[in-house]
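Me: I have just opened this structure and would like a friendly tour. Could we go through it in questions and answers?

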Amino acid sequence: MYQQDVPPAPMPPEQAAMHDARAVHDAATLRFAPFAGGLGGPQWILARIDPAPQSGNTTIPGAYIQDGRVVEPPQAKLMRKKLGKWTRLAAEGAEPADGGPYSWMDPLDEEPRAASPEDIFSPFVRGGVVLFRPGAMAASRLLPADFAADAPAAMRLASHYHHLLDLGPATDAERAKLVALIGHGNRLIAAGACRQALAIPESGRSAVLDRFHRAKGSLLAVLTFLLLADDAIDELNAAAKTAPPETLRAYALGGAAAQLFGPPAQKEPARQFLQNVRAALRGSTDPYLRVLLEP
């Protein structure tokens, strides 16, 4: 069962926008196989992350002050702290604790490189609800709040469907089964089915677009992200012209997630789409939307 506990304090709008964009990316790209387990069966933990106030600060391990100056050890590297506590919301597999502290440090690369999702927004610095395998918290996936509520059921369903949701259909019968999963009521399952269906010529995109036009909230943002990756920019732009404000808000979230966290080929279509969403919103001053529309 999903343990409903005291929710975390609300984030400022700017921080909430970055959290939600990272969560859309992680939900859209989630693979079920790592959580399905091998001979030991499924193993996963859904947890709320509450960072310590100093999480995200940088330090040089082993450095000290002598005669008023900082002395660094040889070959010292600048590191970012990630520390706080986690609380189990749901789990399956090995008997996990109800929660506990976490603490590690990640190196800050001195050479320029493409920023990872964890570089742009880390739940271990800012908070959120994550899905991870026992012993692999650093490789967790940040989830939107409604997807997190669906996660326990999705992980159990995925034990039956993960070959379709991760590898795609190999036969006509499997293709029909995958397309049927697009309409599933569990948002994580539906999102995984949509991701794989987009690889099916013709029928795949039409089935995903049908769900896209019926979706709301986080699922709509996830499908926007996936359709931008599938170069469905014309269909998305047409939808944005007549969409109501709440729908445009989901489009903005999916487009921002694609521009911030998607692969390079996704960024230019996402930028163009966000321009159209911004025009459709007619100069909204909402600080949350301002971050999404001008990432």
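Predicted model: local features only at pLDDT ≥ 70, side-chain atom pairs only at ≥ 80, totals over all residues.

Me: What percentage of the 295 residues are buried?
Reply: A residue counts as buried when its relative accessible area is under 20%. The protein exposes about 14600 Å², and carbon and sulfur atoms supply 54% of that area. Of the 295 residues, the buried share is 46%.

Me: Among contacts between residues at least 6 apart in sequence, what share joins residues at least 24 apart?
Reply: Contact here means heavy atoms within 4.5 Å. Among the contacts between residues at least 6 apart, those joining residues at least 24 apart make up 70%.

Me: Which residues does Met 155 touch, not counting residues up to four places away in sequence?
Reply: With residues up to four places away set aside, Met 155 touches Leu 30, Phe 32, Phe 35, Trp 44, Leu 131 and Leu 188.

Me: What span should helix α1 have, at 1.5 Å a residue?
Reply: Helix α1 runs over residues 13–28, which makes 16 residues. The expected span is 1.5 Å times one less than the number of residues.

Me: How many residues of α1 are buried?
Reply: The buried residues of α1 include Ala 16, Met 18, His 19, Arg 22 and Asp 26. Helix α1 is mostly covered, and of its 16 residues the buried ones number 12.

Me: Are α1 and α11 roughly parallel or roughly perpendicular to each other?
Reply: The two helices pack at an angle of about 80°, with their axes 8 Å apart. Among the residues making the contact are Ala 17, Ala 21 and Val 24 of α1 and Gly 254, Ala 257 and Phe 261 of α11. Angles of 65 to 115 degrees count as roughly perpendicular. The pair α1 and α11 is therefore roughly perpendicular.

Me: At what angle do α5 and α6 pack?
Reply: Helices α5 and α6 are roughly perpendicular to each other. Their contact is made by Tyr 161, His 163, Leu 164 and Leu 165 of α5 and Glu 174, Lys 177, Leu 178 and Leu 181 of α6. The axes are 11 Å apart, and the angle is about 100°.

Me: Which elements do the buried residues of α7 pack against?
Reply: Helix α7 is mostly covered, with 10 of its 11 residues buried. Among them are Leu 188, Ile 189, Cys 194 and Arg 195. These buried residues pack against α1, β8, α5, α6, α8 and α9.

Me: Is Asn 186 buried or exposed?
Reply: Asn 186 lies in the loop between α6 and α7. Leaving aside neighbours within four places in sequence, Asn 186 is in contact with Asp 150, Ala 153, Ala 154 and Leu 157. The relative accessible area of Asn 186 is 6%, so this residue is buried.

Me: How far apart are the C-alpha atoms of Ser 55 and Arg 126?
Reply: Ser 55 sits in the loop between β1 and β2, and at 7% relative accessibility Ser 55 counts as buried. Ser 55 and Arg 126 are 71 residues apart along the chain, yet their C-alpha atoms are separated by 8.1 Å.

Me: What phi does Asp 231 have?
Reply: Most residues other than glycine have a negative phi. Asp 231 is found in the loop between α9 and α10, and at 53% relative accessibility Asp 231 counts as exposed. Although Asp 231 is not a glycine, its phi is positive, at about 60°.

Methods:
Residues numbered from 1 in each chain as written. Heavy atoms only, no water. Helix = DSSP H or I, 4+ residues; strand = E, 2+ residues; numbered from the N terminus. Buried < 20%, exposed > 50% of the residue type's maximum accessible area, 1.4 Å probe, protein only. Areas by Shrake-Rupley, 256 points an atom, 1.4 Å probe, with all protein chains shown as cover. Axes fitted to C-alpha atoms, helices over the stretch in contact; angles between N-to-C directions. Parallel < 35°, antiparallel > 145°, perpendicular 65-115°, else oblique.
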